Amino acid sequence: MRICLSIILFFMAPYLRAENGHELWLRAKNTGEVTIVCSKESPTLTIAKQELTQGWQGKSGAKIVLNIKKDKAIKGDGFKFTENEIQANTELGILYGVYELLRRQQLKQAVKEEISNPSYELRVLNHWDNMDGTIERGYAGASIFWHDEDKGYAVTDKDKSIWREYARANASIGINGAVLNNVNASQLMLTTECLKKVKAIAEVLRPYGIKTYLSVKFSSPSLIGGLKTADPLDPAVIGWWKNKIKEIYSLIPDFGGFLVKANSEGQPGPQDFGRTHADGANMMADALKPYGGIVMWRAFVYEANSKDRACQAYKEFMPLDGKFRDNIIVQVKNGPIDFQPREPFNPLFGAMKKTSVMPELQITQEYLGHSIHLVYLAPMWEECLNSETYQEGIGSTVARTTDGSIFPQKHTAIAGVANIGIDANWCGHHFAQSNWYAFGRLAWNNQLTSEKIADEWIKQTFANGEPSNDWYVNFLAPVKQIMLKSREVAVDYMMPLGFHHIFAPSDHYGPGPWWGPQDVRKDWTPPYYHKADTFGVGFDRTISGSDAVSQYSEPLRSQLNNLQTCPETYLLWFHHVSWSHKMQSGRTLWDEICYRYDAGQKQVREFQKEWDKVQPYMDAERFFAVQSKLRSQSQNVRIWKDGCLLYFQQFSKMPIPYDIERPVYELDYIIKNFTIDKP
Ligand code: BDP
């Protein structure tokens, strides 16, 4: 019977509703009528009412009350809701309540009286979009905000309609801020002509509660202001920023503020003038203060020739703790290096006790297979947010040290580097949409599990109408398993056991542990990170090595410092380990490395099989698109496994265990064909 049904469904699949993914997780249409009672009118409330009418899946003919009324238990833009009433302190809270209620209806979850408050006050997407329309580390087409054919920054109706859809998608998951341009910012962003375009964007985003922010170049006063310096203590420079900020607020009264990458990877900053990060950030913060603007100042800094790049941010920023104005938030990447498939948490979390600190996560898959690999990132973010910092005893997780539960931060915030472009499905890979979704949901509630988020996302993104039991068993369950396993699998086939940054240079897609030209900064080459030699492999960050472990609080410091107690997931991050070291599995380190790469590869092949089986339960367009991406992923995984095993074998001089499939490529071939020879 089951077989029969599958065959019928298989042939029907192409006739199921065609979908290009453009509707994201917002595909539900109403199934009945609803009467809305709301005594106020505003653009945001109009959207709330439209959404209810268009998406209502509750009892047909029901009445719902939208009630803006203060309640101490409701925080910020949070809300209280039942099946028939949404109460909030703000209009935006009402809109968020509407989206939550519709989500519950679609997921067929009962609604009792409940309060939902956001974990973070500011939930911001960082777009690394350049003004010519390209996107740094973007894998889903050109920018939705900027086009290279712009003449005088013209704004078309098509632009506005994309921005509206973008704003709606964000609001539906609680995102309330967007930085519109690359952290490697162009000074031209602050010209009057460009600010007028920013105003046009802000006007479309505003009713959805999305505030607009800009990345700014620290040297703008000299580059476009005609000043001789950009020294943050120079009165003319201070005056320039004050005037510029006044101009911005005259155009965009609710402008959010600035994001700044300073003295990092060649960007200008206060240190160019002998000043500190705090001097630079405070100058901007003072100018923004009268308007309620904030500064998000990035702690992503490292210098050439440092013994250990992982130590740098902590060394530079810890002495400044307590020296930042209260409208500054220091934005810290989840790990101490750079968005690797797995990193321990950044030791600044929990350590900076007198400064508002916000996590920066990367939604775009720069180091996780671009928009080719299927990798669901929520488990990685969950791992980071739930990491124990021990800075204030047990329970001081990264989440709690940043969301205001432990330290009285003036502002709480979280940022995600967006994976959005002009591609019809927004993110390049249909499953990359789940990462945008997951970021928003975690920013709203940092205690949600990746499993729950995946479940919600799959149902909203793929189910049509009332799904059958068969759909739950043969679609939802296996697809969820693929998603939940996918990140650990990516770690296995790229960088198991604490390996990090062994990517091919420049595009960070394939492997490149061999890439180390003499004339390139050492910390931009993989051998700096893996340090393979005939004894073993891994970066010694123990007390007798670079001492990075000492940036962590006890008991974590001692645990990481000791080869026997360091979790194997971080082994080669913290230790230089002998190839013959006995692992928990009883295997040698070398064998374990081989098995991990092999297991990663096998799992991706399993994903292909699992995916092929779900064909009868979904539309053909998205099915084939994902199938094809999985094939490319499998090819790339083969390169990772063969390349890394053959390369490291030159040092271990040990055989690849004989029950493992043999490499099919020559190392030379991989090096020649898959390494782009520039940093
Ligand atoms: C690295 C990227 C680079 C970014 C930089 C940053 O490779 O393109 O500019 O981070 O975050 O991950 O500033």
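Is Trp-163 buried or exposed? Trp-163 is buried, because its relative accessible area is 0%. Buried means under 20%, exposed over 50%, partly exposed in between, with a 1.4 Å probe and protein chains only.

Some ground rules. This is a predicted model: local features need pLDDT of at least 70, side-chain atom pairs need 80 or more, and totals for chains, interfaces and linings use all residues. Residues are numbered from 1 along each chain as its sequence is written, and side-chain values use heavy atoms, without hydrogens and water.

Now the rings. Rings of Phe, Tyr and Trp (its six-membered ring) pair if their centres lie within 6.5 Å; planes under 30 degrees apart are stacked, over 60 edge-to-face, the rest tilted. The count comes to 41 aromatic pairs. Take Phe-145 and Trp-163: tilted, 6.4 Å centre to centre, 35° between the planes. They sit 18 residues apart. Phe-145 is buried too, at 0%.

Next, Tyr-367 and Phe-503. Their pair is tilted, 5.0 Å centre to centre, with 50° between the planes. Tyr-367 is buried, at 1%. Phe-503 is buried, at 2%.

Ring pairs also build a cluster, including Phe-431, Trp-457 and Trp-611.

Last, charges over rings. The rule: NZ of Lys or CZ of Arg within 6 Å of the ring centre and within 35 degrees of the ring normal. Lys-531 lies over the face of Tyr-528, 4.7 Å from the ring centre. Arg-587 lies over the face of Tyr-595, at 3.9 Å.

Conventions
Helix = DSSP H or I, 4+ residues; strand = E, 2+ residues; numbered from the N terminus.
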